[in-house]
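Take a look at the model below. We start with one annotated stretch, move on to individual residues, and end with the chain as a whole.

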Amino acid sequence: MKISKQHNLLIFGPQGSGKGTQAEILSKKFGIPAISAGAALRRIADEDSERGKKVKEYLNKGELVPGDLTNEIMRERILEDDCEKGFIFDGFPRNEKQMNFILKQGIPIDLLIVLQLSDEDGVSRIAGRRTCANGHPYHIKSDPPKIEGFCDDPCKLPLFQREDETAEAIKERLRIYHEETEPLIETLRERGILTLEIDARPKIQEIANEIQKKILETHGSL
Ligand code: AMP
C-alpha cells in the first residue's frame, strides 16, 4: 500500500534526539530529500549581509528566527525537482504559526515521526558535541577524536562547540520545543495525521530500524 503519490514526512524531537541524523537515513532509504530548517538558516547566517547578521543573533541565542523567512525558505525548497516524490521536514514546523502556514499552503503531510528523549539525556549528548570548521562531528564521550581537541586526519583542524550548543542556548531551545513545538503533535494527530513515537535512546542504527519497521507496519512501504 502506498501513502499517497507524494510522501511528505515531518520529524520532531528535542535537541540531541538525533532528528537530523534520522532524517538523513530516511532520506537515503526512501529517496526523498531531508530538508533541515536549521541548516538552511545557518547558511543564511554565514552570509556577509545585514540579513545574515540578524539571523545569526537568533541562532546563537537558540531562539526561533521570527517572521516569514523560514516559511518562505521551506516553501521554495519543496518546489525543487528533487521533492517530486516527497520530502522530510527536519525542524519545521516549530510553532503554531508555521504549522498553519503548511496547512494553508495545502502541503499534504503523510506521517509525523516523534523522537522521544529526556531533556537530561539531550543536554548531555549536546554538551559533548564538538565540530571542526569543516563540520566533522565528534562527541567527547561516545565518539572522541584520536587527539583531544583536534579533528582526525586528514583535517586536523581544532574542534569547537557550536555557539548555539552552549548550556544557555540549549536551555532556550528545549523550552521552545516543549512550549511551542510539542503541542503541535496533538493538533496534527487530531487532523488525522499518523504519528509514530520512537524511543531515541538506543543506538543510531537501532532507532533507524525501528522507524522503518513501524513505517512498514503502518504503510506497507513508502
Ligand atoms: P536545528 O539545527 O534544527 O537545531 O536549528 C538550529 C537553530 O535554527 C534553532 O535553534 C533556531 O534558531 C533556528 N531554527 C531552526 N528551525 C527553525 C524554524 N522552523 N523556525 C525558526 N527558526 C528555526
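The ends of residues 129–164 lie 11 Å apart, C-alpha to C-alpha. The span is 0% helix and 17% strand. Keep in mind that this is a predicted model. The UniProt record, an unreviewed entry, annotates residues 129–164 as "domain: Adenylate kinase active site lid".

The record also carries a "binding site" annotation. UniProt lists G16, S17, G18, K19, G20, T21, R129 and P202 under that name, again in an unreviewed entry.

Begin with G16. Where does G16 sit? Its place is the loop between β1, residues 7–12, and α1, residues 19–30. Is G16 buried or exposed? Within 10 Å it has 25 other C-beta atoms, so it is buried, since 20 or more are needed for that class. Which residues does G16 touch, once those up to four places away in sequence are set aside? They are L117, D121, G122, V123, R125 and I126.

Now G18. This glycine too is found in the loop between β1 and α1. G18 counts as buried because it has 22 C-beta neighbours inside 10 Å. Its contacts, leaving aside neighbours within four places in sequence, are L115, A200, I204 and I207.

The class holds because a residue is buried at 20 or more and exposed at 12 or fewer. How far is P108 from F92? The two are 16 residues apart in sequence. In space, their C-alpha atoms are 14 Å apart.

Step back to the whole chain. Its secondary structure comes to 9 helices and 7 strands. The radius of gyration is 18 Å, close to the 17 Å that the globule rule gives for 222 residues, so the chain is as compact as a globular protein of that length. Along its principal axes, the C-alpha trace spans about 50 × 40 × 35 Å.

What share of contacts between residues at least 6 apart in sequence joins residues at least 24 apart? The figure for this chain is 71%.

Notes
Residues are numbered from 1 along each chain as its sequence is written. This is a predicted model: local features need pLDDT of at least 70, side-chain atom pairs count only at pLDDT 80 or more; totals for chains, interfaces and linings use all residues. UniProt positions are given in the numbering used here, feature names are shortened, and annotations may be inferred rather than shown by experiment. Helices (H or I, at least four residues) and strands (E, at least two) are DSSP runs, numbered from the N terminus. Two residues are in contact if their C-beta atoms, placed from the backbone, lie within 7 Å. The radius of gyration is taken over C-alpha atoms; the globule rule is 2.2 Å times the number of residues to the power 0.38.
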